[in-house]
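Welcome! Try each task before you read its solution.

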Amino acid sequence: MTTQSITIKSDRSIKSIVAPAKGEILCKVSGNPKLFLRVNASGAKLWLYRYTHPILKTKHKLSLGNYPSVTLAQATAIRSEYEQLLKQGVDPKAYREQQIKDEQKILGSTFEKMAWQHFEQLKNKQKATTLKRKHGRYELLCSYLGDTPIGDIEPLQMLEVLKDIQANSLKDDGTPTDKADRCAVIASDIFNHAIVHGYATSDPARLVKPMLDSYRYGNRPSITTPPEFGQLMRDIETLKGSIDDSVLNSIKLLALLFIRNGDLRRLRWCDVDLTNAQIDLQPMKGHGASKLRMVKDMIVPLSRQAVQVLADQHEITGHTEYVFYSATATKHHIVNENAANDALKSLGYQGKHCAHGFRASARTMLRHKLKYNIDVIEMALGHITRDPNGTAYDRWEFIEERSAMMQHWADYIDDCSAGTGKTDNVIKMPRKLASNQ
C-alpha cells in the first residue's frame, strides 16, 4: 500500500482519484488526521482510521465502511467520535465491538424472542391441550410488546398493556374476565426467564398485577332438579368405553361424594379406608385463600356405591400412590384437571353442568328434597360450621348422621337415574344438631 500526497477535501476530489494500475493507494483527508481513504486497483474505496491504543500504545486501524455507502461527512463524524474516545482512554475498536454485541443482544432479547423461548421450554412440561390454551395468550402479549427489548419494559407500560387487555375482555354484564390476570401470570413467567438468562433485571408484570380490576367467577353451572339430574347420571353411564375408566370413575365419585374435583384428583390410596368406608381428606382450599371457610381436615363417609367405585378403581391404579394416577401426566401424575369437564361437555352439558356443579346439586337436593339439616350438609361440603357457642365442629362430629346422609344420597342418585318416580316424595327427618353439643 502506498500513501500518496492526494488530499481529499470534498466528494468531487474523491471522484477524481484515479485507481492505481496495481496494488492500493492511501489518500489523506484534509483537516482529519488519522483518517484515510484506501483505493485499490479495481476502484473500490474504503475508509480507514489509524490510531494508537490509549493504554498499550500499539498501532491499530479500523475500517469505517466503503465509499459512497459511507459519505465523507459520515466518515469525518465517526473519526471525531473516536478521537473523543481516545481522549477518555477508551479503545475505539473495543468500544465498537461492544456496541455490536449490545445491538445483537437487543435484537435477540425482544419480548417476543423471550416469550417464544419460554414457550418452547414448556413443551416438555405441559400437555398439548394446556399449551394450546396458552399459545393465544403468548400471541396476545407479543402483539403489544413483541419488538420491545424485554429489559426496557417499565411497570407503567406493562400496566397499560394489561389494562387494555382487561378492557377488551369483558363479560356480558360489563365485569372483567380473568384474561388479563392470566396474561399477567404468563408475562411474569417470561420476565423471570429473561432475568435468569441475563436479559432483564426485574419483573414488572408481578409489580402491576395487583393493580388490575378484580374479577370473579360466576356460579358454576349445575343441575339441581331430580329428573334432569337422573338424565345426567344416565348420560354419564354412556361414557363407558369412550373415555378412560379412571376419568369415568372420578365423575361418578364427584356425584356421590360432592368433594372438589382438585381434592378428588389428588386423593392418595393411603387416605382411603375401604374396610371402614371412609376417606381422610385434607381439602386444598383449606390451606389457601379460602381457609376461613374450608376445613383443613375432614372425614368423608363412603356409601356402598362409592366403595364399589373405589374398589373398581383400585384394580386400575391400586399399585400406585394416587387413586387417579395417570401414566401420561407429566406434572403431578394424576388425571388432567379438565378431564371430567371435557367428558361432560362431550355429553352436551357445557353451560348446564360442570364437575364443580355436583357440589351445588348435592347441596340443593339434600336440603330441599331430602330435608337434611344445613349444618350436616355444610360439614359434608368441607365448609367450617360452628355451634351456637361459636365452636367449630371437628372432622368427627356427627359422623353417624353424615354417614347416613351419604348413603341416602347415593340411593337417591340411583332412584333419580332409574327414573322410579320416588325422588320427589322422599322426606327425611334427621336428628337436629343439639345446641349443647
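**Exercise 1.** Find which residues D235 is in contact with, leaving aside its neighbours within four places in sequence.

*Solution.* Begin by locating D235 in this predicted model: the residue is found in helix α9, residues 226–237. Next, set aside the neighbours within four places; the contacts of D235 are then L347 and Y349. Finally, look at its charge partners: D235 is buried but has no salt bridge. The nearest side chain of opposite charge, R234, is 6.3 Å away, whereas a salt bridge calls for atoms within 4 Å.

**Exercise 2.** Work out where the buried residues of α4 fall when seen down its axis.

*Solution.* Start with the helix itself: α4 covers residues 111–122, and its twelve residues reach 17 Å from first C-alpha to last, close to the expected 16 Å. Then list its buried residues, which are F111, M114, A115, H118, F119 and L122. Seen down the axis, these fall within an arc of 135 degrees, so they line one face of α4.

**Exercise 3.** Is I78 buried, exposed or partly exposed?

*Solution.* First find I78 in helix α2, residues 72–87. Its relative accessible area is 24%, and buried would require under 20%, so I78 counts as partly exposed.

**Exercise 4.** Where does pLDDT stay under 50?

*Solution.* Take the average first: the protein has a pLDDT of 87. One stretch under 50 is residues 286–292, with ten contacts beyond four places in sequence. Another is residues 427–437, with 21 such contacts.

Key: Residues numbered from 1 in each chain as written. Predicted model: local features only at pLDDT ≥ 70, side-chain atom pairs only at ≥ 80, totals over all residues. Heavy atoms only, no water. Helix = DSSP H or I, 4+ residues; strand = E, 2+ residues; numbered from the N terminus. Expected span 1.5 Å × (residues − 1). Buried < 20%, exposed > 50% of the residue type's maximum accessible area, 1.4 Å probe, protein only. Arc of directions from axis to C-beta. Lys, Arg positive; Asp, Glu negative; His and termini not counted. Contact = heavy atoms within 4.5 Å. pLDDT = per-residue confidence, 0-100.
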